[in-house]
Amino acid sequence: MSNITFTNARLIDPEQGTESIGWLQVSDGRIVDLGAGDAPASGAEAIDCGGQCLAPGIVDIGVKVCEPGERHKESYKSAGLAAAAGGVTTIVTRPDTTPAIDTPESLEFVTRRAQADTPVNVLPMAALTKGREGREMTEIGFLQDAGAVAFTDCDHVVANTKVFSRALTYARACGALVIAHPQEPILSNGAAATSGKFAVLRGLPAVSPMAERMGLDRDIALLEMTGAAYHADQITTARALPALERAKRNGLDITAGTSIHHLTLNELDVADYRTFFKVKPPLRSEDDRQAGIEAVRTGLIDTISSMHTPQDEESKRLPFEEAASGAVALETLLPAALRLYHAGQLDLPTLFRAMSLNPANRLGLNSGRLSEGAPADLVLFDPDVPFVLDRFSLKSKSQNTPFDGQRMQGKVTATFVAGQEVYRRP
Amino acid sequence: MRFAHRHLLGIEHLSQSDITAILDLAEKYVDMNRQSTKHSDVLSGLTQINMFFENSTRTQASFEIAGKRLGADVMNMAMQASSIKKGETLIDTAMTLNAMHPDLLVVRHPHSGAVDLLAQKVNCAVLNAGDGKHEHPTQALLDALTIRRAKGRLHRLNIAICGDVAHSRVARSNLILLGKMENRIRLIGPPTLVPGQFAEFGAEIYDDMNEGLKDVDVVMMLRLQKERMDGGFIPSEREYYHRYGLDGAKLAQAKPDAIVMHPGPMNRGVEIDGTLADDINRSVIQEQVEMGVAVRMAAMDLLARNLSEAA
């Protein structure tokens, strides 16, 4: 197979923080060479990128695929197609399925389903505690052997600090990464909005943004105790950032992510109780959103993920308090992120550092970069092409996107996984 | 008079002139309701369904009388005892009722925003009779009418709203309405029940009731909504009464002609002194109930005029 040379490409290099017009050569699924200017002559198949952007494919930590349990919401097949169409070349799946992925056997089921149906890389995560109930840790060692790349109870906070500290201690011995949802669980219980003028006006049960800081503070203290490797799934408030900054400065093994929705939407977007805008944690104030963008720019927040959470119409067509949380985002992650680029707030290398390089590094993967020897997981996109999003055009089985009907700019032209084209825009 | 709204979902969407129009029409119905023959046929031939997903005696009765006096065919549905228990969703219930071609749907629901959601799915006019902690527009309108009749105006008054503001849709609707009509509003209560965010609506917040009541024209008491509280917001009812219950001594801080209001039902001895509530020189609580019927008649009348135009 497969020697390809991409020519006339705007190469987005998140490692160097640069972008330049050049060429990139792929052989046997790996990047073998790249450079500026015109490509050297070779016998390989050439793809003329026409000046479009060629970036390392997105590594998305925290994608919910609803197998097992709710395949009508999203299957491995539909999630794979959506990911490919969105330029996501690696999905790191969440274990908050029904039942939870908390045994090596259920993890093997997931791996088998993923291999059969999905054109992109699938790396499964496993639950940190059995049933995500926060009482007993899972078989972290066995699950690692079965392929779990990280351990998380997703949006369930392990409220019992003793259980959590033991799980962190044990995970450290296994060299396992723990991903947690920093939130004070009792304070945030039942909340559907962030406390503030908007929540008061709409009469919604709300949580103070401080609950995130409190959750993060506890987890940081436990990291000092245990020395575990820890990733906060979503840091969404300005108040949590100084604590994160201090923890990093003190040399703890901590990284943090945020969701694309918290970077591109704020609480006012909920407007008249639009349940597609109900996510967890709830959308924040505009000040928090701006602080999040700045933290991504400086690198304090390491990763941006889609937090892809499919929900069917029935779960969303309910009064706001009762409606399910979450939004699909595999296909809108890149165009939404490009809003920050077009707004002049983040440049493309910074965006791909947060969407590709940092998540790959955190999981110990060699992908997420444009360098010799890295897997040829690539996304080719035109950052400028405008369109109006129609949610029924999405490849996900669920269409609960907050961006329905919105103007966006930037579309994926083609996606490659290990040098193979897995998507091309018709 | 043309009322430029299809539904009455909240005060938020109304303009000053919308509010005045409803109140002016309600005045006419107050007069009508005081005659021995209290009947009109402006809603004759129309069907009004009262859907209450939450217990209510007073509001439901008020809407029922209002509809009947205007000649509508009124049906009450106690939704708590009905299909909701069988697992039907709100939207399915709405679609089912919609197929019966009602003209006016009066809805109360325990969740904020539920009435807005329902209104998107039906063809008739929807009146919000209270949704969660969001809005209760007819209550705010009847309070406004009561104040206007007692004080002769509905602007440039000092109005204190006291008690459980956090859990109260009545407080939110009143805050919005009285703000739109350019009054000064004070919110009085313990900080657990009067969150600081309310200051962003331009209200002044007091946790000392004696200070807060100084020189106000209107004292609006709220019911302590024990059923909406999921934890300790106050240490005890007796301490609450001592600090925030309205009695003669605290009322003495207000203007001598200040009126006392309460949306009902009252917890005597918890938020208001029983004798004070019955004092016909100060309390307009009974008048509020009377205005409630008239305001609801006016609101349904205005919405129904749009229906006949559309037909």
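## Pockets

The second largest pocket of this predicted model has a volume of about 820 Å³. A pocket is an open set of points on a 1 Å grid over the protein atoms alone, with protein on both sides within 12 Å along at least five of seven lines, and lining residues have an atom within 4 Å of a point. The volume is the space filled by probe spheres set on the points, which are joined across faces, edges and corners. Lining this pocket are 38 residues, and D155(A), H156(A), H181(A), K280(A) and S325(A) lie nearest its centre. By class they divide into 14 nonpolar, 14 polar and 10 charged; Ala, Val, Leu, Ile, Met, Phe, Trp, Tyr, Cys and Pro count as nonpolar, Asp, Glu, Lys and Arg as charged, and the others, Gly among them, as polar.

The largest pocket has a volume of about 950 Å³. Of its 31 lining residues, L204(A), P205(A), A206(A), K133(B) and F233(B) are the closest to its centre. The lining has 15 nonpolar, 10 polar and 6 charged residues.

## Basis of the values

Residues are numbered from 1 along each chain as its sequence is written, and chains are lettered from A and ligands numbered from 1 in the order in which they are written. Local features need pLDDT of at least 70 and side-chain atom pairs count only at pLDDT 80 or more, while totals for chains, interfaces and linings use all residues; side-chain values use heavy atoms, with hydrogens and water left out.

## Nonpolar cores

The largest nonpolar core has 99 residues, and L216(A) and F352(A) have the most contacts inside it. Such a core is a set of buried Ala, Val, Leu, Ile, Met, Phe, Trp, Tyr and Cys residues joined through side-chain atoms within 4.5 Å, where buried means under 20% relative accessible area (1.4 Å probe, protein chains only). Beyond its neighbours within four places in sequence, F352(A) is in contact (heavy atoms within 4.5 Å) with residues including I12(A), I58(A), L334(A) and F381(A). Another core, of 66 residues, lies apart and includes V200(A), A26(B), L46(B) and V165(B).

## Backbone exceptions

Most residues other than glycine have a negative phi, and most peptide bonds are trans. The bond from E67(A) to P68(A) is cis, with omega near -5 degrees, and the bond from T98(A) to P99(A) is also cis, with omega near -5 degrees.

Y273(A), not a glycine, has a positive phi of about 60 degrees and counts as buried at 8% relative accessibility. M307(A) has a positive phi of about 45 degrees and is buried at 12% relative accessibility.

Definitions and conventions. 1 Å grid on protein atoms, 1.4 Å probe; cavity = no way out; pocket = protein on both sides within 12 Å on 5 of 7 lines; lining within 4 Å. Buried < 20%, exposed > 50% of the residue type's maximum accessible area, 1.4 Å probe, protein only.
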